[in-house]
Amino acid sequence: MHRRARSEEAKLQRAEDLLAAARRLATDLGGVRHVTLAAVTEAAGLHPSAVRRYFASREELFLELAERGWEEWRDLVTARLTGSHDLPPAALADVLSTTIVTLPLFCDLLTHVSLSLEGDVSVDRARQYKTRSFKAYDAMAAALVTAGTLTAAQVHDVLAALLGTTSYFWQLSHPTATLAELYRQEPRWSHSALDFEPRLTRLLRATAEGIAGG
């Protein structure tokens with residue numbers, strides 16, 4: 001039975017229901033790219049026409065999840081770094097890579113944010129995303145500088161490398177059904193066996209050490 005929000009508290013709960021449904025579907029269906037707004041509203045028990053009361057579009061809904069992903073990652077990183085000092089570049093790289101891989105939806109969303117999500121919402125909504133994500137980013141960068149031996153400029157370079165590498169490797173290591181079948185037929189092209197976390201960690205360590213040595 002479809003439900004109608006009858007108070008501000010209920011409206012907030014319906015929005016949370018939609019976000020939770022989107023999370024579940026992204027996991028169950030193999031990624032954000034497979035999730036439609038109609039499927040989200042159905043999973044949340046809402047009529048399709050009702051979703052506009054909570055999110056203006058599919059892009060806005062997933063942008064909200066990306067914002068929360070940034071804040072979850074910030075909390076993980078800062079908690080891991082609390083009380084640390086003079087950590088070498090490789091140790092800082094490990095903190096970043098081992099925390100971000102615990103947030104699979106966020107890893108997936110990193111691709112979609114830059115491709116479509118933040119560009120296909122209103123200017124005010126895009127501003128909100130930038131404000132929240134940069135606040136989380138700045139807090140992580142400051143924590144990394146305090147805890148380690150990298151300069152602020154070097155930390156920014158390591159974070160840029162991590163974000164780009166994570167976005168790319170995540171998609172390669174989670175192929176569509178078509179690509180999975182193709183890789184089964186042609187193992188030499190296979191990215192489905194890519195070890196996402198180990199390779200991400202190795203490359204980020206090498207990047208951080210190279211930046212520090214440069």
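**Figure 1. Helices around the second largest pocket of the predicted model.** In this predicted model, the helices α1 (8-29), α5 and α7 (152-172) each supply at least two residues of the lining of the second largest pocket. The largest share of that lining, 4 residues, comes from α5. The pocket holds about 190 Å³ of space, and its lining is made up of 14 residues, of which Ala-26, Thr-27, Gly-31, Pro-104 and Trp-170 lie nearest its centre. Sorted by class, the residues of this lining divide into 5 nonpolar, 6 polar and 3 charged.

**Figure 2. The largest pocket and its lining.** About 290 Å³ of space lies in the largest pocket, where α5 (104-117) and α6 (123-147) each supply at least two residues of the lining. Helix α6 provides the largest share, 5 residues. The residues that line this pocket are Trp-70, Leu-110, Val-113, Ser-114, Glu-118, Tyr-129, Lys-130, Ser-133, Phe-134, Tyr-137 and Leu-163, and by class they comprise 7 nonpolar, 2 polar and 2 charged residues.

**Figure 3. Trp-70 and the residues it touches.** Trp-70, which is one of the residues lining the largest pocket, touches Phe-106, Leu-110, Tyr-129, Ser-133, Ala-136, Tyr-137, Met-140 and Leu-163, when residues up to four places away in sequence are not counted. Among these partners, Leu-110, Tyr-129, Ser-133, Tyr-137 and Leu-163 also belong to the lining of the largest pocket.

**Figure 4. The largest nonpolar core.** This core has 64 residues, and of these Leu-61, Trp-70 and Trp-73 touch the most other members. The helices α1, α2 (37-43), α3, α4, α5, α6, α7 and α9 each supply at least two residues of this core.

**Figure 5. Helix α7, its length and its buried residues.** The buried residues of α7 are Gln-154, Val-155, Val-158, Leu-159, Leu-162, Leu-163, Thr-166, Ser-167, Phe-169, Trp-170, Gln-171 and Leu-172. What covers these buried residues includes α3 (58-81), α4 (89-100), α5, α6 and α9 (196-213).

Technical notes. Residues are numbered from 1 along each chain as its sequence is written. This is a predicted model: local features need pLDDT of at least 70, side-chain atom pairs count only at pLDDT 80 or more; totals for chains, interfaces and linings use all residues. Side-chain values use heavy atoms; hydrogens and water are left out. On a 1 Å grid over the protein atoms alone, a cavity is a set of points where a 1.4 Å probe fits but cannot get out, and a pocket is an open set with protein on both sides within 12 Å along at least five of seven lines; lining residues have an atom within 4 Å of a point. Grid points are joined across faces, edges and corners, and a volume is the space filled by probe spheres set on the points. Ala, Val, Leu, Ile, Met, Phe, Trp, Tyr, Cys and Pro count as nonpolar, Asp, Glu, Lys and Arg as charged, and the others, Gly among them, as polar. Buried means under 20% relative accessible area, exposed over 50%, partly exposed in between (1.4 Å probe, protein chains only). Contact means heavy atoms within 4.5 Å. A nonpolar core is a set of buried Ala, Val, Leu, Ile, Met, Phe, Trp, Tyr and Cys residues joined through side-chain atoms within 4.5 Å.
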